[in-house]
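Work through the exercises below with the sequence and the structure open. Try each task before reading its solution.

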Amino acid sequence: MGILEVKDVNKRFGGLHALKDVNLSIKEDTIHAIIGPNGAGKSTLLNVLVGKLVPDTGSVMFDGQSVLGRKPHEINQMGISRVFQTPEIFGDLTVLENVLIPCFAKRDGAFRMHAFETVESEAELIDLAERALVDVNMADKRHHHAASLSRGDKRRLEMAMCLVQRPRLLLLDEPTAGMARANTNRTIDLLRDIKERREITMVIIEHDMHVVFSLAQRITVLAQGSPLVEDTPENIKGHPKVQEAYLGEAH
Amino acid sequence: MLGLNKRDTRFLLIVIALTLLTPFILQPFPEGSALAQFNAGYPDLMQRIAIFGIFAIGFNILFGLTGYLSFGHAAFLGVGSYSVVWMYKLLDYNVLPGLVLAIITSGLFALAIGYLSLRRSGIYFSILTLAFAQMSFNLAYSVLTPITNGETGLQVYTSDPQYLMSEGEPITPHLFGLVMNESYKLNLGGWVFTFNIGYYFTAVIAILAFYLSLRIFRSPFGLMLRAVKSNQTRLNYTGLNARPYTLAAFVISGMYAGLAGGLLAAMDPLAGAERMQWTESGAVVIMTILGGAGTLMGPVLGAGFIKYLEKIFSKINENVLEGWFSFLPEPLREVVVWIFSRFTGEGWALTLGLMFMLVVIFLPGGLMEGGERIRNLIRRKKNKPGDGASPDGTPAE
């Protein structure tokens, strides 16, 4: 039994059958990649996992609880964090403040009106946030405006914001999209590092085969809305069906 | 001090000093001089600047921090005024019970309007608040006449019960005997300074209001409000629902507006439905943007600026202008006076409109950004020999 169980999920957009009988089981403490050509339904699947889309049929269970029909903030509270294709950060705030917000959210759980304390006096949380920034090598930029960061830094900041909450499941939507090779490698190292240091499950949706084969322990190939194969990276590489559907086309 | 760091404490002390010294600051020209008409140190104007400063500070907690633009805050202003006048009618002329009631009723009112309006964001939120405020205005103007006295406006009559009224108590608004419209005049050389009890009462409340807003700006709650403005998607995926935060900010700013409305009635014991008109809602938006939305001092500055224009510019009529331009030959003078009189006197709003346009186009951060730029310019000039100064200034307060 995996930590995330997707059963018989179907989703249609008008005439388009975006997800067809998707069954997926993600084991705890693994890095699981979902790959597939454009239009295979990867992003739709991800949006179903975070509750942004409700499938027409089927179920999505996280640790024995259904995620369907829950709001994004409730899904986060269950222990699922998400990194977006275009980093979603608080552009008007400083880097440190960006990381502090998830710290407050995690500690308080829900709405709390701390109107008479100062942010400065929350030494414990600031310490936590600063350590999270050290983990992604951004401690020296903690007083920068988040909007002024480079794309790679924004991505790392977003990861720090997710990781500081110690999620059980981290969903990454093309974490290296639009990055130069050097930055991509740094991101791979960062993710590998995180995985080594703590128990965490990651689901990565990725186009870049280099990233996928460097990180993933399991790979699911999605084609035209349904899973084609699920296997280890070694087996996927030589799989004839995958060559045909994806790698053959890409290379 | 008071839960503030050193920099903010200094900032607060400066604000307190400026507020308490306003009767001097706004009276820079000696009586009888040609420039005396630009003096603004008289009670009515100073009270209004402080009151609308409170209104704008509260509005800024909602608009400046969360980015939700309410176009209906005048409704709370009106509710505050009515509450205070009702307390005069039922109890006595002591302003305190009325002001407490004003904050409570406007808070409840804001809770109801905010709960419904905050289901939408952006322009839909603005339109909803505008609709609710106009509904409130129409209710006050006609339907609820028994409570609001309709178009005449609510006022105290001798037939009112005034249960707490005691023998010899003042029959104008007062705070435990301190009569609001009493003033003390100080003659100093050619200058006349007026110290008005009503002004100092509103000034003390304005300082408290400012202090509270400063605390909110620096608090984790304020941080969350800024996060709402910056990126709601990320806030949601961080495990927080934005709605309670925006609703809390809406209620707080509604209470500020109610307090401001109450103070208007504490200075002048009247309450009319026109206080709930959309023009009043628009005025506070303009004050906040003109001064600098999201900054601490900006809204107060904007409020002062607009009230000054409204009172001082509107006094400059054609006769005054004739006097100024008497050195010009007759036909030219008439032309110049005609042009200037479009922008002064009753045309003061045209000057305000032009200023607002210029500020929005060239200084999107409001007057505070203007001040910031001047400060940076001076600093850069000072540092020029070394040329190693950092170009980025600290953000405006």
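**Exercise 1.** What area is buried between chain A and chain B, and what share of it do carbon and sulfur atoms give?

Solution. The model is predicted: local features need pLDDT of at least 70, side-chain atom pairs count only at pLDDT 80 or more, and totals for chains, interfaces and linings use all residues. Residues are numbered from 1 along each chain as its sequence is written, chains are lettered from A in the order in which they are written, and side-chain values use heavy atoms, with hydrogens and water left out.

Step 1. Buried area is the accessible area (1.4 Å probe) that two parts lose on being put together, summed over both. For chain A and chain B this comes to about 2,800 Å².

Step 2. Carbon and sulfur atoms give 65% of that area. On the chain A side, His73(A), Phe90(A) and Phe111(A) lose the most area to chain B, together 19% of what that side buries.

Step 3. Counting contacts (heavy atoms within 4.5 Å), 38 residues of chain A touch 28 residues of chain B.

**Exercise 2.** How many salt bridges does the rule find across the interface of chain A and chain B?

Solution. Step 1. The rule asks for a side-chain nitrogen of Lys or Arg within 4 Å of a carboxyl oxygen of Asp or Glu.

Step 2. Across the interface it finds two. Glu158(A) and Arg234(B) form a salt bridge, with N to O at 2.6 Å.

Step 3. Over all chains the count is 28. Within chain A, Arg168(A) pairs with Glu28(A), their closest N and O atoms being 3.2 Å apart. These two residues lie 140 residues apart in the chain.

**Exercise 3.** At what angle do the axes of helix α3 and helix α8 of chain B cross?

Solution. Step 1. Helices are DSSP runs (H or I, at least four residues), numbered from the N terminus. Axes are lines fitted to C-alpha atoms over the stretch in contact, and angles run from 0 to 180 degrees between N-to-C directions.

Step 2. The axes of α3(B), residues 43–66, and α8(B), residues 197–218, come within 8 Å and cross at roughly 15°.

Step 3. Angles under 35 degrees count as roughly parallel, so α3(B) and α8(B) are roughly parallel to each other.

Step 4. Residues of α3(B) in the contact include Ile54(B) and Leu65(B), while those of α8(B) include Ala206(B) and Phe210(B).

**Exercise 4.** Are α9(B) and α11(B) roughly parallel or roughly perpendicular to each other?

Solution. Step 1. Helix α9 (residues 220–230) and helix α11 (residues 242–267) of chain B pack at about 110°, with axes 10 Å apart.

Step 2. The class from 65 to 115 degrees is roughly perpendicular, and α9(B) and α11(B) therefore belong to it.

How values were computed
Parallel < 35°, antiparallel > 145°, perpendicular 65-115°, else oblique.
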